[in-house]
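Here is a short briefing for a reader meeting this structure for the first time. Please look over the sequence and the model, then read the points below.

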Amino acid sequence: MKKHEMKCTNCNSTGSMQTQQGQVFPCGQCQGTGAVNRPEVGPQDYVFEYTIPAGATQVQVPALTILSYDFLLKWLVAASATLSDQVMLTDNTGYQWMNTPVQLANWAGSGQLPFPLQPNLLLKKNTTIAITVYGAPGHSGEIALKGINLADVPAALTTN
Amino acid sequence: MFDLMDEAIKLDSGDHLIWQTNRGLLSPLYLPDPEKLLTLPTGVPRWQTYQLTLPPQQTQNLTVNFGRRSWILAIMGNFDQDAGFSATFFDSRKKRNIFGNTREFFENLVGTGQNPAWLTTPYMLEANSPLFIRVTNIATVAGSGQLVIYSHMEGD
């Protein structure tokens with residue numbers, strides 16, 4: 001188990017994780033249900049929906065684990081009435097993708113105009129992604145990591 | 001990354017056209033040069049983010065230190081005043097302003113998540129060589145915004 005991974009009591013995987021700040025995210029493999037839905041090779045979107053609760057200014061979106069295949073992340077998209085909401089991404093190595101939260105408007109595109117992640121990022125199987133969204137109470141939206149599940153990963157890309 | 005070249009067409013002139021499937025058209029060079037992207041070492045994406053809150057016609061100095069060798073790929077940002085902000089970027093290791101000595105308005109410098117302002121070629125910053133950014137509020141009223149440097153940071 002990696003340093004930031006935790007065991008899920010529902011599906012018995014290592015999909016739960018704890019950030020460097022001590023935030024604990026529920027299991028990214030089963031989302032706490034105990035049932036794991038494994039994706040196929042081909043296009044794949046990992047979708048994070050959020051609603052900031054009343055009285056709060058941030059929410060931890062349930063984490064998601066890259067299952068079955070390595071995942072080539074190509075596009076970032078987000079939909080929200082308030083694109084000034086800010087996001088912080090962390091993965092199960094403990095790496096934070098940004099130094100401070102980034103506004104959705106500056107981080108992701110839309111279905112019509114996605115943000116093309118260059119170079120594309122290869123996320124290895126069993127990588128867990130956790131997102132925290134910061135904004136005003138009641139704000140809601142959806143963030144998606146769009147890419148491809150790869151059956152055969154070129155050797156040159158397996159060192160990421 | 002490996003399929004990027006499949007989407008790029010190299011002209012006899014040496015320029016690249018990129019088939020941007022998301023826009024459904026063949027665009028002149030819009031992303032950084034794909035051949036340069038292919039030369040980047042393995043690493044991770046990094047967003048360096050700065051909140052800007054500036055009194056009228058005042059300047060804010062930002063220091064960006066990636067820690068590891070990094071390549072700036074795109075700049076995004078926003079601001080809430082029509083007159084806007086301007087900025088210069090100074091590389092402390094190479095002792096030079098990256099985009100020239102003249103300040104540039106945000107309209108000409110930054111993009112958004114939907115339309116990022118890609119650098120025409122990735123700009124390398126050595127490890128532990130801070131980038132100094134000098135942002136000025138041109139407006140006669142206070143303004144706020146965010147500046148985001150999107151980069152590729154060398155991995156272990």
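What share of the contacts in chain B with a separation of 6 or more comes from residues 24 or more positions apart? The share is 77%. Two residues are in contact if their C-beta atoms, placed from the backbone, lie within 7 Å.

This is a predicted model: local features need pLDDT of at least 70, side-chain atom pairs count only at pLDDT 80 or more, and totals for chains, interfaces and linings use all residues. Residues are numbered from 1 along each chain as its sequence is written, while chains are lettered from A and ligands numbered from 1 in the order in which they are written.

**Chain B: build**
- Chain B has two helices and twelve strands. Helices (H or I, at least four residues) and strands (E, at least two) are DSSP runs, numbered from the N terminus.
- Along the sequence the pattern is β-β-β-α-β-β-β-β-β-β-α-β-β-β.
- Chain B has 156 residues, and 32% of them count as buried. Buried means 20 or more other C-beta atoms within 10 Å of the residue's own, with C-beta atoms placed from the backbone; exposed means 12 or fewer, and partly exposed lies in between.

**Chain B: domains**
- Domain 1 covers 1–39 and domain 2 covers 42–154 of chain B. Such bounds come from an automatic or database domain assignment.
- Five residues from domain 1 of chain B and six residues from domain 2 of chain B make the contact.
- On the domain 1 side, three residues are nonpolar, none is polar and two are charged.

**Where chain B meets chain A**
- 27 residues of chain B are in contact with 28 residues of chain A.
- On the chain B side, strands S4 (43–54), S6 (70–79) and S12 (143–154) each supply at least two residues.
- S4(B) gives the most, with six residues.
- The chain B side divides into 13 nonpolar, 13 polar and one charged. Ala, Val, Leu, Ile, Met, Phe, Trp, Tyr, Cys and Pro count as nonpolar, Asp, Glu, Lys and Arg as charged, and the others, Gly among them, as polar.

**A sheet in chain A**
- Three strands of chain A form an open, antiparallel sheet in the order S1-S2-S3. Strands pair if DSSP finds at least two bridges between them.
- S1 (5–6) and S3 (24–25) of chain A stand at the edges with a single partner strand each, so one side of each lacks a neighbour in the sheet.
- S2 (residues 16–18) of chain A pairs with S3(A) over two bridges.
- Met17(A) has Phe25(A) of S3(A) as its bridge partner.
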